[in-house]
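I opened my notebook today to look at one protein model.

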Amino acid sequence: MKLLIDFFPIILFFVAFKVWGIYTATAVAIAATVLQIAYLRVRNGRVEPMQWVSLGVIVLFGGATLLAESETFIKWKPTVLYWLMGGALLVGQLIFRKNLLRSVMGAQLQLPEPVWLKLNWAWAAFFAVMGALNLWIAFHFDTDTWVNFKLFGGMGLMLVFVIAQALYLSRYLKEDGAEAAAPKELP
């Protein structure tokens with residue numbers, strides 16, 4: 001359910017684009033993001049900071065797209081979000097000496113410090129590459145190709161990256177009860 005809520009605006013954007021075009025899709029994405037934030041606020045009592053940032057970026061760049069009647073602004077939106085996320089990871093690490101990934105995920109994962117650092121750098125690099133890739137596709141291909149990439153390519157690359165991360169992290173994770181379940185040697 002959480003995954004559906006997270007991708008709710010982009011899925012509606014995709015469907016609206018295919019049916020009505022980029023400007024209607026942009027308006028739908030803005031409305032869907034506002035609804036997403038409202039739902040999360042009512043359901044959880046709070047909204048994550050990055051979700052507020054996402055709302056601000058879609059309202060700003062989506063609004064500029066609609067006011068200027070130029071799809072250029074909405075095409076920049078994913079890049080701005082990717083670079084803000086990657087930038088936050090870098091600023092947290094380099095300036096504040098705080099690994100934001102560990103701050104968010106440390107309760108769920110027990111990892112050695114060097115692994116947290118590699119994970120932080122890997123995500124920052126991934127976001128930088130995704131932002132650049134979005135711009136390249138947005139301005140070297142037609143809008144239909146960009147929208148398809150935004151949904152399928154972006155999510156596909158994210159899935160591949162997450163699976164690669166999981167494989168890398170698997171060697172550092174301890175199974176709960178693994179020692180207790182292991183057969184004991186007989187004397």
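Which helices each supply at least two residues of the lining of the largest pocket? I am working with a predicted model here, so I kept that in mind as I looked.

**Entry 1: who lines the pocket.** I went through the helices and noted H1 (2–20), H2 (22–44), H3 (49–68), H4 (72–94), H5 (100–105), H6 (113–140) and H7 (143–170); each of them gives at least two residues to the lining. I then looked up where the largest share comes from, and I found H7, with ten residues.

**Entry 2: the pocket itself.** I noted a volume of about 2200 Å³ for the largest pocket. I counted 50 residues in its lining, and I marked Asp6, Met50, Met85, Phe127 and Met158 as those nearest its centre.

**Entry 3: H4 beside H7.** Next I picked two of the lining helices, H4 and H7. I found that their axes come within 12 Å and cross at roughly 25°. Angles under 35 degrees count as roughly parallel, so I wrote down H4 and H7 as roughly parallel to each other.

**Entry 4: where they touch.** Which residues of H4 meet H7? I listed Ile74, Lys75, Lys77 and Pro78 on the H4 side, and Thr143, Trp146 and Lys150 on the H7 side. I sorted the residues of this contact too, and got three nonpolar, one polar and three charged.

Note on methods
Residues numbered from 1 in each chain as written. Predicted model: local features only at pLDDT ≥ 70, side-chain atom pairs only at ≥ 80, totals over all residues. Heavy atoms only, no water. 1 Å grid on protein atoms, 1.4 Å probe; cavity = no way out; pocket = protein on both sides within 12 Å on 5 of 7 lines; lining within 4 Å. Points joined across faces, edges and corners; volume = space filled by probe spheres on them. Helix = DSSP H or I, 4+ residues; strand = E, 2+ residues; numbered from the N terminus. Axes fitted to C-alpha atoms, helices over the stretch in contact; angles between N-to-C directions. Parallel < 35°, antiparallel > 145°, perpendicular 65-115°, else oblique. Contact = heavy atoms within 4.5 Å. Nonpolar A, V, L, I, M, F, W, Y, C, P; charged D, E, K, R; others polar.
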